[in-house]
Amino acid sequence: MMIGLGQVQDFCAVAGAIKDATALSDLMAEITKAMGFRHYALVHHVDLKPAVRSVHIVDYPQDWVERFQARRLYASDPIHRASHRTNVGFAWSAVQSIISLTAADRSILAEAYEAGLGDGFTVPAHIPGELNGSCSFAMAAGEMLDHRQLPFVQLVGSFAFEAARKISRIHAPQSEWPSLTERQAECVALVARGKTDWEISQILGIGQETVIQHVKDARDRYGVTKRTLLAIRALFDGQISFADVFGR
């Protein structure tokens, strides 16, 4: 089956207005079928335990989902790893052109095929300061992927993940949304660079005791005691970016 630009535009318009995961799941089921695929997965590449603000809307065979979760394959899955190496979508049959496949990788792909997942197409989702994610569409085992429509699938996948990401943030508990002041964020970014409190005070032109207080206040807002964990949380939340850490 083929879709056209009009269908993609309609999908993007509806997806952008959706505010709950159930409605997005229904919309994904419709567009997945329209494009000739059987299954879809919108996920951040973390364990399936519902993490704060993590995307997880999956329509893969349940047996495979359970095995995937039990073996904690989100970081080691070859499709996920390949998506970390590119900014554009790719067919699963071409994954070996992106990463070197190990025997374990080939075993995972073979198991997925046996579970009912044939060839597929994955659209990477890389947002600075957040976990890597992806939108994937899969054929049934034995079915052929129609490469002519993959540019449209790329567009659908990008907009679908952004819709899922917005929903996950809308429904995050307010207690999980700490906010740093501008000065606190500057201090945390410099902490992430490995700067000491004295060095930060010299860079920002403020007293060392003031820096210590800003960092303490930031740790308190996140409920963490370690400076490293504070920097990681601030990066994940987008309070600071990798550009802040490594320099623009």
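Analyst: Let us start with one pair in this predicted model: R67 forms a salt bridge with E111, and their closest N and O atoms are 3.3 Å apart.

User: What makes R67 and E111 a salt bridge?

Analyst: A salt bridge needs a side-chain nitrogen of Lys or Arg within 4 Å of a carboxyl oxygen of Asp or Glu. For R67 and E111 the closest N and O atoms are 3.3 Å apart, so the pair is counted as a salt bridge. Because R67 lies in helix 3 and E111 in helix 5 (residues 103-114), the pair ties together parts that are 44 residues apart in sequence.

User: Which other residue forms a salt bridge with R67, and how far apart are the closest N and O atoms?

Analyst: D63 forms a salt bridge with R67, with the closest N and O atoms 2.8 Å apart. Both D63 and R67 lie in helix 3 (residues 62-70), where they are four residues apart, about one turn of the helix. D63 has a relative accessible area of 44%, and is therefore partly exposed.

User: How do you know that R81 and D105 link distant parts of the chain?

Analyst: R81 forms a salt bridge with D105, the closest N and O atoms being 2.9 Å apart. R81 is in helix 4 (residues 78-83) and D105 is in helix 5, and the two are 24 residues apart, so the pair links distant parts of the chain. D105, at 3% relative accessibility, counts as buried, whereas R81, at 25%, counts as partly exposed.

User: What joins D63, R67, R71 and E111 into one network?

Analyst: These four residues are joined by salt bridges that share partners. In total the structure holds 10 salt bridges.

User: Why are the buried residues of helix 8 said to be on the same side?

Analyst: The buried residues of helix 8 (residues 197-204) are D197, I200, S201 and L204. They cover an arc of only 100 degrees around the axis, which puts them on the same side of helix 8. What covers these buried residues includes helix 7 (182-192), helix 9 (208-222) and helix 10 (227-237). Helix 8 is followed by G205, whose phi is positive, near 70 degrees.

User: Which residues touch the most other members of the largest nonpolar core?

Analyst: The largest nonpolar core has 33 residues, of which F11, L24, M28, L42 and F137 touch the most other members. Among the elements that give two or more residues to this core are helix 1 (5-17), helix 2 (21-34) and helix 6 (150-170), and helix 6 gives the most, with eight residues. Leaving aside residues up to four places away in sequence, F11 touches L27, M28, I31, V156, F159 and A160.

User: How is the protein chain divided into domains?

Analyst: The chain is divided into domain 1 (5-171) and domain 2 (182-246). Taken over C-alpha atoms, the centres of domain 1 and domain 2 are separated by 34 Å.

Key. Residues numbered from 1 in each chain as written. Predicted model: local features only at pLDDT ≥ 70, side-chain atom pairs only at ≥ 80, totals over all residues. Heavy atoms only, no water. Core = buried A, V, L, I, M, F, W, Y, C linked by side-chain atoms within 4.5 Å. Buried < 20%, exposed > 50% of the residue type's maximum accessible area, 1.4 Å probe, protein only. Contact = heavy atoms within 4.5 Å. Domains from an automatic or database assignment. Arc of directions from axis to C-beta.
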